[in-house]
Amino acid sequence: MADAHTPATRAAARPLSPHLTIYRWPMTMAMSIAHRVTGIGLYIGTLILAWWLIAAASGPNAYANFQAAAGSILGRLILFGYTWALLHHMLGGIRHLIWDNIIGLEPGERDWLARATLFGSVALTVLLWILVYFTGGLR
Amino acid sequence: MSLRTPLGRVRGSGAAHTGTDHFWRQRLTAVANVPLTIAGIVIVLSLLTRNHAATTQVLGSPPVAIILLLFVLSVTYHMRIGMQVVIEDYVHEDRMKLTLIMLNWFYATAIFVACAFAVLKLSFGV
């Protein structure tokens with residue numbers, strides 16, 4: 001086969017190192033990037049914390065402005081997302097601290113831990129917001 | 001006078017001569033963040049239905065103010081290290097990388113000072 005030795009076909013036949021775009025995304029990979037994304041979200045979200053504290057320190061008018069913004073539909077959506085990012089990053093961090101001790105790294109265990117991070121953070125976020133509405137906050 | 005050989009002194013320190021310091025501080029603040037975050041959530045939940053006067057009174061009380069100051073210190077330290085890792089992972093052009101790392105320092109420091117100033121102002125009632 002003379003064609004097999006042309007540069008193009010030879011390049012195609014060479015075994016390629018698999019990269020991110022080749023793999024089916026395992027749970028641990030998705031949770032790894034989720035940990036980084038939630039971390040970046042929280043980094044920006046500390047502006048809300050700073051705004052809240054400065055508003056409280058500035059006086060009733062500034063605090064009323066913050067409360068109006070936080071209580072709006074958009075404000076609540078952002079705070080809901082912030083709550084989830086915070087809890088997800090916290091649970092993900094605990095998972096990483098467990099892994100740092102070389103515990104839970106076997107195939108079944110690491111997937112279970114990654115799933116627990118996601119379900120745990122969603123469940124805790126919903127519970128927390130049910131508690132917020134139950135106690136009459138943010139209305 | 002140290003009796004260690006030059007090789008012994010630098011072994012395990014890497015090119016920046018700081019070794020695992022960065023990794024260690026990331027874990028140290030991560031562990032500190034867990035109880036501080038839980039305490040922070042409890043504080044925020046307890047303040048949701050209160051008016052401004054009651055809120056400032058709670059935020060300025062010693063236990064709450066101390067927890068908030070520790071929270072802000074640990075969180076801003078942790079997020080600065082974390083963002084630096086993200087920058088170093090994706091930005092490879094030297095000038096842009098250094099600029100972003102500087103901005104990262106400015107941002108994290110500004111957030112820390114702003115939050116700490118607010119809490120201290122509420123505490124001392126100036």
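1. Gly120(A) lies in helix H5 of chain A, in what is a predicted model. Although Gly120(A) and Leu87(A) are 33 residues apart in sequence, their C-alpha atoms are 8.4 Å apart in space.

2. Thr125(A) is also placed in helix H5 of chain A, and, with 19 C-beta neighbours inside 10 Å, Thr125(A) counts as partly exposed. If residues up to four places away in sequence are left aside, Thr125(A) touches Thr83(A), Trp84(A) and Leu87(A). The C-alpha atoms of Thr125(A) and Phe80(A) are separated by 7.6 Å, while the two residues stand 45 residues apart along the chain.

3. On the overall make-up of chain A, the model has 5 helices and 0 strands, and the elements run α-α-α-α-α from the N terminus on. Of the 139 residues of chain A, 22% count as buried. Among the contacts in chain A between residues at least 6 apart in sequence, 70% join residues that are at least 24 apart.

4. Most residues other than glycine have a negative phi. Ile102(A), which is not a glycine, has a positive phi of about 55°. Ile102(A) is exposed, with 7 other C-beta atoms within 10 Å.

5. The domain assignment of chain A gives domain 1 (42-69) and domain 2 (72-139), and the centres of these two domains, taken over C-alpha atoms, are separated by 24 Å. In the contact between them, 5 residues of domain 1 of chain A meet 6 residues of domain 2 of chain A. On the side of domain 1 of chain A that touches domain 2 of chain A, the elements that give two or more residues are helix H2 (27-58) and helix H3 (60-71) of chain A, and H2(A) gives the most, with 3 residues. By class, that side of domain 1 of chain A has 4 nonpolar, 1 polar and no charged residues.

6. Turning to the two chains, 26 residues of chain A are in contact with 24 residues of chain B. The elements that give two or more residues to the side of chain A that touches chain B are H2, H3, helix H4 (73-100) and helix H5 (107-134) of chain A. Which element gives the most to that side of chain A? H2(A) does, with 12 residues. By class, the side of chain A that touches chain B has 18 nonpolar, 6 polar and 2 charged residues.

7. In chain B, helix H3 (residues 52-60) and helix H4 (residues 62-90) pack at an angle of about 70°, with their axes 5 Å apart, so that H3(B) is roughly perpendicular to H4(B). From H3(B), the contact is made by Val58(B), Leu59(B) and Gly60(B), and from H4(B) by Val64(B), Ala65(B) and Leu68(B). By class, this contact of H3(B) with H4(B) has 5 nonpolar, 1 polar and no charged residues.

8. H4(B) has 29 residues and reaches 42 Å from its first C-alpha to its last, close to the 42 Å expected at 1.5 Å a residue. The buried residues of H4(B) include Val64(B) and Leu68(B), which also take part in the contact with H3(B); among the other buried residues of H4(B) are Phe71(B), His78(B), Arg80(B) and Met83(B). What covers the buried residues of H4(B) includes H2 of chain A, together with helix H2 (21-47), H3 and helix H5 (94-124) of chain B.

9. H5(B) has 31 residues and reaches 44 Å from its first C-alpha to its last, close to the 45 Å expected at 1.5 Å a residue. The buried residues of H5(B) are Ala108(B), Ile111(B), Phe112(B), Ala114(B), Cys115(B), Ala118(B), Val119(B) and Leu122(B), and what covers them includes H2 of chain A as well as H3 and H4 of chain B. Just after H5(B), Gly125(B) takes a positive phi of about 60°.

Note on methods
Residues numbered from 1 in each chain as written. Chains lettered and ligands numbered in written order. Predicted model: local features only at pLDDT ≥ 70, side-chain atom pairs only at ≥ 80, totals over all residues. Domains from an automatic or database assignment. Contact = placed C-beta atoms within 7 Å. Helix = DSSP H or I, 4+ residues; strand = E, 2+ residues; numbered from the N terminus. Nonpolar A, V, L, I, M, F, W, Y, C, P; charged D, E, K, R; others polar. Axes fitted to C-alpha atoms, helices over the stretch in contact; angles between N-to-C directions. Parallel < 35°, antiparallel > 145°, perpendicular 65-115°, else oblique. Expected span 1.5 Å × (residues − 1). Buried ≥ 20, exposed ≤ 12 C-beta atoms within 10 Å, placed from the backbone.
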